[in-house]
Amino acid sequence: MAKHESRSMSIAQLLWYMGIATTIKLLVIPSYHSTDLEVHRHWLAITHSLPLSQWYFDETSQWTLDYPPFFAYFQRFLSVFAHLVDPQIVHLHHGLNYKASSAIYFQRISVIVSDLFFMYGVYRCTSNLPSLKRNLVWILAVWSPGLVIVDHLHFQYNGFLFGWLLLSISFLAQGRDLMGGFLFAVLLCFKHLFAVAAPVYFVYLLRHYCRGGLVKGFARLSVMGAVVVAVFAAAYGPFVYHGQIQQVIRRMFPFGRGLCHAYWAPNFWVFYIMLDKGIAFLLTKFGFNIPSPAASFTGGLVGDASPFVILPQITPMTTFILVLLALSPCLIKTWMDPRPRLITRSVAYAYTCGFLFGWHVHEKASLHFVIPLAIVAVESMEDAKHYFMLSIVSSYSLFPLLYEAQEYPIKVLLLLLHSILIWFCFSAQFTKNKAMKSTLQADKKAAQFELKGSSRTAAVNGGFVLGWLAKSYLFGVLVVEIWGQFLHPYLLGDKFPFVPLMLISIYCALGILYSWIWQLTQIMILS
């Protein structure tokens with residue numbers, strides 16, 4: 001009975017956190033939205049108006065369907081309700097660029113409702129944590145400014161997808177490997193970009209689930225394989241039946257897009273591009289005839305990948321190899337020590353590798369590792385310090401997604417309030433922990449200090465304190481923003497309009513590169 005009451009109280013508390021988050025999401029409905037709103041509206045129209053055999057062939061709009069089948073089925077499900085709200089939303093031709101309030105409100109609210117799945121994933125991942133840590137993870141994840149910016153302003157369904165990821169991780173952490181593998185396979189059939197963590201899942205499940213000798217191990221491997229095959233058969237089977245699997249794969253993997261997406265996502269390729277441009281500039285100054293590149297390094301639609309001027313060309317295969325090389329130490333560690341309590345770190349690290357070295361990386365993909373790391377952040381003070389810095393860098397790197405003036409106060413307030421809140425939460429947690437440790441030490445030393453004095457010392461000298469390097473770096477974020485938002489327009493006007501975005505990308509890339517190194521170090525030293 002007590003356990004049931006405790007669970008009911010936890011659910012009630014999570015609903016309170018969710019209620020606050022939902023209120024904010026409802027308030028920003030009229031705000032800016034990207035072309036992704038029209039992308040997903042058109043996908044509603046495709047899946048509602050056309051038979052399944054034509055979904056991945058339709059070219060009525062430039063925004064063709066390029067997500068895996070389960071997400072297409074999800075859009076088909078939503079289109080039933082969209083048709084009831086306003087039939088023009090799902091009209092294949094008359095609905096093009098349809099921006100009526102009915103369409104906007106329906107799609108915005110569909111994201112909010114689908115976030116219920118994210119809440120459930122967060123709940124399962126934290127169900128075994130002490131109440132203080134559980135509440136702290138809820139604040140980090142449920143009130144994530146990055147998710148609000150990407151899903152509820154820019155417009156995406158990442159919260160819904162992260163729900164599947166967190167559910168999978170929660171089952172793995174509980175030792176229920178078969179269910180964890182099943183849910184991850186389902187996630188891959190919703191969005192294939194989550195496949196970056198597939199090597200970690202494969203190695204972990206092979207070593208942890210398929211253990212127990214040759215016969216037992218082979219039997220379990222066969223069961224896991226059958227489950228994964230069944231999931232992919234349910235997703236892709238109808239398209240195989242219609243002889244369309246090649247078209248589906250072609251749509252899902254448009255490698256003709258550029259190395260980078262939109263503005264340069266803050267990853268390793270920022271430094272590579274800048275080095276290429278810097279060498280070309282210097283050679284030009286020394287009188288060498290350096291040809292200009294034929295196109296930009298970025299692009300949202302399918303086209304020819306842009307060549308570098310000086311440095312070797314980067315191909316999708318190059319990025320694939322680099323991601324695997326970066327991931328290999330984690331895979332070796334997982335093979336040698338496949339423990340459930342380390343799986344969240346390993347999955348987050350895999351997505352960090354994909355973000356840093358992958359092909360055509362979206363800036364919003366930083367959420368792939370920031371959200372899982374929210375669960376890790378409460379394990380130690382060092383994890384908390386790392387997460388505090390990373391969450392700020394990740395959220396700030398998303399600022400260029402909201403480029404209109406009226407959204408500027410929203411994104412700044414979201415980041416400031418969240419940073420202040422988690423600072424106080426981490427301070428409360430670790431000051432309390434330090435005080436408790438000091439009290440125990442005092443008891444062992446025959447009460448050399450009074451309890452009151454010990455607690456005061458812990459509050460003053462202990463707790464959540466960042467080092468000078470982290471403080472300097474975070475201060476640099478403020479400098480970059482002041483320059484790009486105020487000083488650059490005032491001093492240079494319309495000259496060099498790319499510089500503010502370039503500075504954001506380069507500076508945030510430094511922070512994420514540091515995070516990658518730090519995560520790898522923690523994975524290798526933890527035992």
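Ile-343 touches Leu-172, Ala-173, Val-200 and Tyr-204, with residues up to four places away in sequence left out of the count; contact here means heavy atoms within 4.5 Å. The model is predicted, so local features need pLDDT of at least 70 and side-chain atom pairs count only at pLDDT 80 or more, while totals for chains, interfaces and linings use all residues. Residues are numbered from 1 along each chain as its sequence is written, and side-chain values use heavy atoms, with hydrogens and water left out.

Ile-343 is placed in helix H14. Helices (H or I, at least four residues) and strands (E, at least two) are DSSP runs, numbered from the N terminus. At 1% relative accessibility, Ile-343 counts as buried; buried means under 20% relative accessible area, exposed over 50%, and partly exposed in between (1.4 Å probe, protein chains only). Between Ile-343 and Leu-172 there are 7.4 Å in space, C-alpha to C-alpha, although the two are 171 residues apart in sequence.

Two packed helices are described by the angle between their axes and the distance between the axes. Helix H14 (residues 343-357) packs with helix H20 (residues 499-525) at an angle of about 145°, and their axes are 10 Å apart. Axes are lines fitted to C-alpha atoms, for helices over the stretch in contact, and angles run from 0 to 180 degrees between N-to-C directions. The crossing of H14 and H20 is left-handed, meaning that the near helix is turned anticlockwise from the far one by less than a right angle; clockwise would be right-handed. On the H14 side the contact includes Arg-345, Tyr-349, Phe-355 and Leu-356, and on the H20 side it includes Ile-512, Trp-516, Trp-518 and Gln-519. By class, this contact has 12 nonpolar, four polar and one charged residues. Ala, Val, Leu, Ile, Met, Phe, Trp, Tyr, Cys and Pro count as nonpolar, Asp, Glu, Lys and Arg as charged, and the others, Gly among them, as polar.

Val-203 lies in helix H9 (residues 198-208) and is buried, with a relative accessible area of 12%. Val-203 touches Leu-331, Thr-334 and Trp-335, again not counting residues up to four places away in sequence. Of these contacts, Leu-331 is 128 residues from Val-203 in sequence and 6.7 Å from it in space, C-alpha to C-alpha.

The count of aromatic pairs comes to 43. Rings of Phe, Tyr and Trp (its six-membered ring) pair if their centres lie within 6.5 Å; planes under 30 degrees apart count as stacked, over 60 as edge-to-face and the rest as tilted. One of the pairs is formed by Phe-117 and Phe-160, which is tilted, at 5.7 Å centre to centre and 45° between the planes. Phe-117 lies in helix H4 (residues 101-126) and Phe-160 in helix H7 (residues 158-173), so the pair ties together parts that are 43 residues apart in sequence. Phe-117 is partly exposed at 24% relative accessibility, whereas Phe-160 is buried at 9%. Ser-114 is also in helix H4 and is buried, with a relative accessible area of 9%. The contacts of Ser-114, residues up to four places away in sequence not counted, are Phe-74, Tyr-157 and Phe-160.

In helix H6 (residues 145-155), 11 of the 11 residues are buried, so the helix is largely enclosed by the rest of the structure. Among them are Pro-145, Asp-151, His-152 and His-154.

The structure holds zero disulfides, a disulfide being a pair of cysteine sulfur atoms within 2.5 Å. Cys-125 counts as buried at 15% relative accessibility, and Cys-508 counts as buried at 0%.
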